[in-house]
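Open the model in your viewer and keep the selection tool ready.

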Amino acid sequence: DFFGISLLSFPPSALLRIPGIEALIIKFDIDFLKTERRESHFLLQKYGVCENLRKLEITGVSCRDVYAKLLHRYRHILGLWQPDIGPYGGLLNVVVDGLFIIGWMYLPPHDPHVDDPMRFKPLFRIHLMERKCATVECMYGHKGPHNGHIQIVKKDEFSTKCNQTDHHRMSGGRQEEFRTWLREEWGRTLEDIFHEHMQELILMKFIYTSQYDNCLTYRRIYLPPSSPDDLIQPGLFKGTYGSHGLEIVMLSFHGKKAKGTKITGDPNIPAGQQTVEIDLAHPLQLPDIENLRDFSELSRIVLEVQEQVRREEQEREQRQEGEEHSQQAASQPASPLGGGGGGEGAEGEETAAGAEGTTQDKAPASQPFVLPMGVISRNEDYPRTCRICFYGTGLIAGHGFTSPERTPGVFVLFDDDRFGFIWLELKSFSLYSRIKVSFQNAQAPSREAFDEMLKNIQSLAT
């Protein structure tokens, strides 16, 4: 409005006779172009939209349309997500790609090639058709994009629905769909898999996962925050899990503990559960390479540390009970003997911590490593030197997550991007390799938010 009067109420011929109106119109155009330019820079920085203005003009879509109808509306689904597919889980990365928002499902490489790069396939995409509203398309199946729907339930949860599931079907029926899925998922045919139990697990996974038809609910996950004191950079790793194939695990550090949480899982240990826990306060000194081949020798060392950890936990519980009792009796005079005992306990703790620190400091840069005889490994191409080993526990359970229990094991750090875990009770070895993908919009807003996310996905799995 000009002096409170709408310029649009004047006819163009009368409008041009207003003194100074041409200069005002030119200034308005310049300000508008500056605003458009600022918006484009904002989109470029915040969402990584790389299309230039000319390309947007060719498509008939302005930066304002892209922002208002696409990026702003669907901004809450950018980042990393875990689909609710029973025990199997998954890893979805939603990104801005030009004038599209695409949901990529990341899959581990074919078993047992843990060092190979991740595979990925699109599950859905959102884009603008000229100046209309954003269009959601399902990308599942082999017949090209088709009509889909996305519902944002809340900030950290959304769901997808395919409106044309007939596009997922193949002319050869379920058998052709299974053979195609098997080649994509495992890189082989069922005849190539001789282990009967493994065949059953594969068939079970196909039947279970295919019933969803890309109609899924996703819950947000964050990459773990890092600290200068961390043993290695935390993040996502792909690891071997016997007949279940390769699975995705998130390694995070929590003071003197490190946790490996399953992002993908299986009927025994579902996605969301804590598969391994590493006690960074208890490094292990492995025997020389010849004695290391003897499983009983390694088992003896680990079980001794397990007993030490059990005693320390028992002493810690007794101290806590004593402190609670002292607080309750705070009005009474403290016993000199009790006070001295507390001091000795604290001093003992300090001495133990100092000894542990010394053990880590004196650990060699690398030492020879070989798996003991009788320990099964899916991938025999593991490193033959390691940096350091720690006592840890691994979660095992029966089918359907029945009778879960934490059992002792050995965490083996090979380098910045690879580690392993020896499951003593199972006599098996898992090798993990870092997922080297730069995920956007995946950082936790705070340490508390990350911890809360871990609790949520574990409680859902349970």
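Two strands pair if DSSP finds at least two bridges between them. Helices (H or I, at least four residues) and strands (E, at least two) are DSSP runs, numbered from the N terminus. This is a predicted model: local features need pLDDT of at least 70, side-chain atom pairs count only at pLDDT 80 or more, and totals for chains, interfaces and linings use all residues. Residues are numbered from 1 along each chain as its sequence is written, and side-chain values use heavy atoms, with hydrogens and water left out.

**Stop 1: strand S9.** Select residues 235–240. Six of the six residues are buried, so S9 is largely enclosed by the rest of the structure. Buried means under 20% relative accessible area, exposed over 50%, partly exposed in between (1.4 Å probe, protein chains only).

**Stop 2: S10.** Pick Leu236 and find Met250 of S10 opposite. Now go to the hairpin of S9 and S10, with five residues between the strands. Gly242 there takes a positive phi near 55°.

**Stop 3: S19.** Select residues 428–434. S19 also pairs with S9, antiparallel, over three bridges. Click Lys238; its bridge partner in S19 is Ser433.

**Stop 4: the cysteines.** Cys138 is buried, at 3% relative accessible area. Finish at Cys133, which is exposed at 54%.
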